[in-house]
Amino acid sequence: MRRATALAALGALTFVALHVLLMATWQTWFHGGDTLPPWFMNSARGLAVGAVVFAAVGLCVSARDRNPAVDTRFVSAAWLALGALVPMAAVLFTMRGGPGTLFPIAIAIGSGIVFVSAAAGGCLGWAFGRLLRRDS
Amino acid sequence: MSVSLGNRSWAVGGLLVVAGLVGLASAAVKASHVAAAQAATQAATQTASPSAVQMVPGGAGRVAAKPGEKGATYYWLESRVRRVTTRFADAVTVAERATDGDLQTRITDVSGNELGRLRVDRIDDAKHVVQYMTAKGESLQALGQAGTKPTLDWANQQAYQLWRDGVKPGAPLEWQGTVMRPRRSPAHRVEDDVLRLEVEWQGGLTATAERRTVGDRTDIIPGRVLRGPVVITRLTRDGVPIGVANWFPKERVFVWNLKGLTSGYLDAEILKPVGGWTFEPDIFWVSLQTLAFHDFKTQIDERGLVAERRPGLVEKLAGLIEPSVRADEPGCDGLHWLDGTIFRYCCDTHDLCYAKFGCTSYSWWQWWSSWQCDGCNLGVVYCFGGGHGIFSPYAG
C-alpha cells in the first residue's frame, strides 16, 4: 500500500511539474497564444511532452522494480495515472476559462494518455531489465 | 379704309412684338435642338467609344455573367485544382496542370494502356491551342473555342470525346457546345458518360464524385422528399473523410455537410434573390463547390473574419465569481489538440447542442436537470467513441 501511495504521489508531482513547465514555456515552446490557457491537452506538442515525461517516469519506476513479472508495470502505471488525475482535475477546474463543456471526456482521455505512456515506459524498462539480467 | 397715326404705331408695335416672340421661340427651339443633339452625341460617344466608361446606376443589382457560363471565382478556384481523374465506362482520363498553366491529359483504357494524349497550350487569357495525339502517334492541332476558358475537367472530356470519335488528322471538326467533334456527328453530351470524378486540391484535399439513384429520402431536408438521380461528392483530407455533398439534378437541390465546418442546402427558392440557378451545375461543379465551401469556411475560421462575441463588463465580473461553468470555447474544450482532427465535428455538434438547450458544464453531473443536455452529452460520448455523430442525413 505504501508503494501504491508513493506511486500516486509521484504521478501527482510529475503532473504538477509538467504543468509548471507548460505555464513557464507556453508562449515560447508551445506557441499557445493568448486564446488558450496552458494545459497539456490544448496543444499537440504539450501532449507529446506530457506523454514523454510520463513514459520516462514509468521507465524509471520500472527500472527500480525488482519484480520480474510485466504485470506489475501496468499496476504501477495505473497508480501513477491515478495520482496524476487529482492535480489534472484541479488544474482543469481552476484554469482560465474553466473546465469547458467536455471536461469528463478531457479527464478520461488525459488519464488514459498518462496511463498508456507510463505503461509504455514501464514495459520498456521491463524489457531492458530482462536483457540486462540475461547478459549478466 | 384709313389708318390713323396712333393705329399705325400700334400696328408697327404689334408686328415688332410678334417678330420678337417668333425670334425668341426660334432661339429656344434651336437651343433645345442643340442640347438634344449634344446629349445624343454624348450618348453615342459613350456607347461607341471603346475608352468610354460604362456606368452602372445604383440599385441596378448584380451584374450577371455571360448566360450559361460560370463566373471568375469558378475559374480562380479551378486554377487551384492539381489533378482531375475522370472515369468513363471504357476509359480513364487524367488531366494535370503544368507549371506554366498549360493542361495535359492522358487517356488510358480501364487496364491502364495508353490510348492518347491531349495538350492545351494557353497562348493568352482568351486564346489557346488544343493538340491531340492518338496512341499511334497521329496528331492534330486546333485553335481553341474563342471566349472559353479550358479547365482540367473540360480537357478530360475533350480528350475522351476525340478518342471515342476516332478522330484522325485532317478530319473536319466542328464545335458541339464546348467540345470539338467530327463534323455532322450526332449530338452527344460527354458529361453524361462520366461515371466517377476525382478532383485533387491543395493540402491533401480530394473530392470524389459519382452518380447514383436514390429512392424517396425525407431525412436530408426535413419535410421535403428528394429522389432520383444524385451526384454524391465525398471530401477527404489525406484519405480521411471530412464531408459530403449531394446534387439532385431533378429537384435542383444542392446539399452539403462538412464536419465541424458548415452544412446546409441551396435550391432555386433560396437562390431567387440572385436569379436562381443561372447555370446548369455539373459533376465537376459539385466537386469544386464542395472544395470551395471547405476552403472559404476554413479560412474564415482561421482568420476570424466572422465577428466574435466579446463579453461585457458585467459578464466579465460574473465570470470571476463563476468562471468555469459557462465557459464554452470554439472547438474541443480542454482538448484543443483535437481541433484539427475528425473529432472537431463531435465537439462542434456538442457546442451547438449546448447552445440550443442552454446547457452548462453542470449538465454533466446534474443529469436530472435536463434530458436534452443529457442527450447532448451522450451524443458527444458516442461520437468520440467512433459513432457517426448526431447529424447524418446523407445518401450512400
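Predicted model: local features only at pLDDT ≥ 70, side-chain atom pairs only at ≥ 80, totals over all residues.
Two strands count as a pair if DSSP finds at least two bridges between them.

**Figure 1. A hairpin made by S7(B) and S8(B).** Strand S7 of chain B covers residues 173-176, and strand S8 of chain B covers residues 179-182. The two pair in the antiparallel sense over 4 bridges. Look for B:Trp175, which sits opposite B:Met180 in S8(B). With 2 residues between the strands, the turn includes B:Gly177, whose phi is positive at about 70°.

**Figure 2. The open sheet of 12 strands in chain B.** Follow the strands across and you get the order S6-S5-S4-S3-S2-S1-S9-S10-S11-S12-S13-S14, with antiparallel pairing. Which strands stand at the edges? They are strand S6 (139-143) and strand S14 (262-266) of chain B; each has a single partner strand, so one side of each is left without a neighbour in the sheet. On average, and with direction ignored, neighbouring strands are turned by 15° against each other. For context, chain B has 7 helices and 14 strands, and buried residues account for 27% of its 396 residues.

Figure 3. One pair to pick out is B:Leu258, whose bridge partner in S14(B) is B:Thr262.

**Figure 4. Strand S3 of chain B and its two faces.** In a regular strand, side chains alternate between the two faces of the sheet. Strand S3, residues 103-108 of chain B, shows this pattern in its residue lists. Its covered face carries B:Leu103, B:Thr105 and B:Ile107, whereas B:Gln104, B:Arg106 and B:Thr108 make up the uncovered one.

**Figure 5. S3(B) with S2(B) and with S4(B).** Start with strand S2 of chain B (residues 92-97): 6 bridges join this strand to S3(B), and the two run antiparallel. B:Thr93 lies opposite B:Ile107 in S3(B), and B:Ile107 belongs to the covered face. Now turn to strand S4 of chain B (residues 114-122), which pairs with S3(B) in the antiparallel sense over 6 bridges. Here B:Gln104, from the uncovered face, stands opposite B:Arg119 in S4(B). What sits in the turns? The hairpin of S2(B) and S3(B) has 5 residues between its strands, and B:Gly101 takes a positive phi near 95° there. The hairpin of S3(B) and S4(B) also has 5 residues between its strands, with B:Gly112 at a positive phi near 100°.

Figure 6. The buried residues of H7(B) are B:Cys373, B:Cys376, B:Asn377, B:Val380, B:Cys383 and B:Phe384. An α-helix has 3.6 residues a turn, so residues three or four places apart point the same way. On the other side of H7(B), B:Trp371 and B:Leu378 are exposed. Just after the helix comes B:Gly386, with a positive phi of about 110°.

**Figure 7. Where chain B touches chain A.** The contact takes 20 residues from chain A and 21 from chain B. On the side of chain B that touches chain A, helix H6 (344-357) and helix H7 (371-384) of chain B are the elements that give two or more residues. The largest share, 4 residues, comes from H6(B). By class, this side of chain B holds 12 nonpolar, 5 polar and 4 charged residues.

**Figure 8. Helix H1 of chain A and its neighbours.** Chain A has 4 helices and 0 strands, running α-α-α-α from the N terminus on. Helix H1 takes up residues 2-25; at 1.5 Å a residue, its 24 residues should span 34 Å, and the end C-alpha atoms are 34 Å apart, which agrees. Buried in H1(A) are A:Leu7, A:Gly11, A:Thr14, A:Phe15, A:Leu18, A:His19 and A:Leu22. These buried residues pack against helix H2 (44-64) and helix H3 (71-94) of chain A. Over the whole chain, 43% of the 136 residues in chain A are buried. Of the contacts in chain A between residues at least 6 apart in sequence, 73% join residues at least 24 apart.

Terms used:
Residues numbered from 1 in each chain as written. Chains lettered and ligands numbered in written order. Contact = placed C-beta atoms within 7 Å. Nonpolar A, V, L, I, M, F, W, Y, C, P; charged D, E, K, R; others polar. Buried ≥ 20, exposed ≤ 12 C-beta atoms within 10 Å, placed from the backbone. Axes fitted to C-alpha atoms, helices over the stretch in contact; angles between N-to-C directions. Expected span 1.5 Å × (residues − 1).
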